[in-house]
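Open the structure in your viewer and keep the sequence panel beside it. We will go from one selection to the next.

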Amino acid sequence: MIRIVKSEFLSSAVTAEQYPASSFTEFAFVGRSNVGKSSLLNTLLNRKSLAKVSGQPGKTRLVNFFQVQFKSGEEDGYFSLVDLPGYGFAKVSKTERDKWKVMINEYFSSRLQLQGVFVLVDIRHKADPKDIDVIRMLAETGKTCCVIATKSDKIPLSKQAASLNGLKIGLGLRTEEIFAFSSLKKKGIPEILKWIEKIVI
Ligand SMILES: Nc1nc2c(ncn2[C@@H]2O[C@H](COP(=O)(O)OP(=O)(O)OP(=O)(O)O)[C@@H](O)[C@H]2O)c(=O)[nH]1
Ligand SMILES: [Mg+2]
């Protein structure tokens with residue numbers, strides 16, 4: 001399995017002209033505000049606060065690019081990770097929410113390097129129409145995605161399989177994988193690395 005060697009913040013962007021020119025294979029994290037996208041990125045990269053995290057939804061407001069160096073055996077390689085603003089956050093103005101939507105849509109429709117998308121959903125919640133929309137949109141645009149059920153530390157292990165199965169049916173997943181993840185307990189990292197490896201190696 002690949003090993004993360006080094007990671008760094010590259011830049012933040014609003015529009016496509018501002019995206020970094022990097023041509024490395026890219027992976028993005030998308031999902032509702034507060035679902036744990038930025039936390040997952042930090043956990044995966046074993047960094048405390050490379051991506052900004054907050055208990056208040058709406059923390060990430062720009063498209064944030066990170067560059068990651070990995071090792072596979074003796075070989076070195078690179079990929080990029082992108083932390084996106086969350087959707088479905090009621091407490092910001094409609095104008096602001098519309099702005100985020102445009103930002104996210106522009107990213108998905110214009111970024112050719114984007115090869116894989118992680119759709120994050122809270123393991124405790126039922127399938128959300130907004131997540132169903134995103135998964136459908138990704139399928140239509142031909143982007144490979146997998147679903148990560150976050151905050152798995154919040155429910156007992158004995159109930160996780162049933163929750164994952166409920167989400168799988170509710171989200172209408174076919175070939176897409178789904179697995180549980182916890183930043184708090186650092187669970188689910190190998191599953192993510194294996195999924196990335198299938199695309200970058
Ligand atoms: N218990 C638990 N809490 C978590 C986990 N992951 C994230 N959190 C908490 O959930 C809150 C939101 O985390 P973020 O990583 O900022 O969420 P986000 O999806 O990036 O949110 P936005 O940037 O607003 O879209 C923070 O208080 C985190 O500490 C987890 O695995 N377990
Ligand atoms: Mg965030």
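**Start at the ligand**

Select ligand 1 and show the residues around it. This is a predicted model. There are 23 residues around ligand 1, and those that come nearest are Gly36, Ser38, Ser39, Thr60 and Gly86.

Next, colour this shell by residue class.

Now select residues 37-45. This is helix α1, which gives three residues to the shell around ligand 1, the most of any element.

**Zoom out to the whole chain**

Switch to a cartoon view. The protein has seven strands and five helices. Follow them from the N terminus: the order is β-β-α-β-β-α-β-α-β-α-β-α. The radius of gyration is 16 Å, close to the 17 Å that the globule rule gives for 201 residues, so the protein is as compact as a globular protein of that length.

Turn the model along its principal axes. The C-alpha atoms fill a box of roughly 45 × 40 × 35 Å.

Colour by burial next. Of the 201 residues, 33% are buried. Then look at contacts with a separation of 6 or more: 73% of them join residues 24 or more positions apart.

**Finish at helix α4**

Select residues 157-170, helix α4.

Last stop: Gly172, which follows α4. Check the backbone there: the phi of Gly172 is positive, near 70°.

Notes. Residues numbered from 1 in each chain as written. Chains lettered and ligands numbered in written order. Predicted model: local features only at pLDDT ≥ 70, side-chain atom pairs only at ≥ 80, totals over all residues. Near = placed C-beta within 6 Å. Helix = DSSP H or I, 4+ residues; strand = E, 2+ residues; numbered from the N terminus. Rg over C-alpha atoms; globule rule 2.2 N^0.38 Å. Buried ≥ 20, exposed ≤ 12 C-beta atoms within 10 Å, placed from the backbone. Contact = placed C-beta atoms within 7 Å. Expected span 1.5 Å × (residues − 1).
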